[in-house]
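Trainee: I have a new model open and would like a walk through it. Can we start with one residue and go from there?

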Amino acid sequence: MRQIYLQKEFYHLAKKPVIQPSEEAKNRERILRTWEALRTKGMSGKEVSELLGVSRASLYRWKRRIKEGWNGLEQRSRKPKHLRKRKWTAEEWRLCDPYRVLYPCWGKEKIKVLLELEGINLSVSSVGRIIQELKKRKAIPEVRYKTRWKGTSKQKRPYAIRKPKGYLVENPGDIVQVDTHDIHPFPAIHFKHFTARDVVSRWDVVAVYPRARSRQAKAFLSQLIKRTPFPIRAIQVDGGSE
């Protein structure tokens, strides 16, 4: 029995995936077919180009590249073929390196001034590109800038709320007004006078403290609850922090 085998190139070609064209390539292929059909009907290349909204140079370029298959109509890189070559001298490299190591937090503007003192005139952008190239080659240490310290945000304290519009004041204890006043009985002697008054019964509770802080306010409220003969439903305060 005779066996016939295909060449090895056929098996390599069978393993390759089928190329699926993109929508951009398909759209260009449809434009090319329309362009060729209109040209056969007698329309000029300029008229067809204006009708399709594609320049004649692009149409001829696609026609030339379609011979390569679908890959010829795909979007290609627009990177220039000839790139600008670096024109930095060895002296410029030799001076930028120690300045950046000596002053790692200095930018390209300051290093440019130091280079001018050495007699080397470079633009700020050129100094920056040299520094980037030195970083890429790891010729200079990478600077890790410390982030600015931010303190933890304080917890927002609950404060008084505005009295509801429909809140009725009819019985004692519905609203007790609390306020503080400064007392100066003698020179260089200062006290804080805490006052609480019920708006219905006119019941007053007073106390004197050396200063008006949250600790003294807490003690006064405790005294207010003990010394008032009726339960307190709400208190009215001004904008004082205590």
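**Charged pairs and a helix contact**

Mentor: Asp-182 is partly exposed, at 47% relative accessible area; that class lies between buried (under 20%) and exposed (over 50%), with a 1.4 Å probe and protein chains only. The model is predicted, so local features need pLDDT of at least 70 and side-chain atom pairs 80 or more, while totals for chains, interfaces and linings use all residues. Residues are numbered from 1 along each chain as its sequence is written, and side-chain values use heavy atoms, without hydrogens and water.

Trainee: Which side chain does Asp-182 meet in a salt bridge?

Mentor: Lys-192, at 2.5 Å, N to O. A salt bridge here is a side-chain nitrogen of Lys or Arg within 4 Å of a carboxyl oxygen of Asp or Glu. Lys-192 lies in strand S2 (residues 191-198) and Asp-182 in strand S1 (residues 176-183), so the pair ties together parts ten residues apart in sequence. Strands are DSSP runs of E, at least two residues; helices are runs of H or I, at least four, and both are numbered from the N terminus.

Trainee: Is Lys-192 buried or exposed?

Mentor: Buried, with a relative accessible area of 18%.

Trainee: How many salt bridges does the count come to?

Mentor: Eight. Among them, Arg-33 and Glu-29 pair at 2.8 Å, N to O. These two are four residues apart in helix H2, which means about one helical turn between them.

Trainee: Changing topic, at what angle do H2 and H3 cross?

Mentor: Roughly 140 degrees, with the axes of H2 (residues 23-40) and H3 (residues 45-52) coming within 10 Å. Axes are lines fitted to C-alpha atoms over the stretch in contact, and angles run from 0 to 180 degrees between N-to-C directions.
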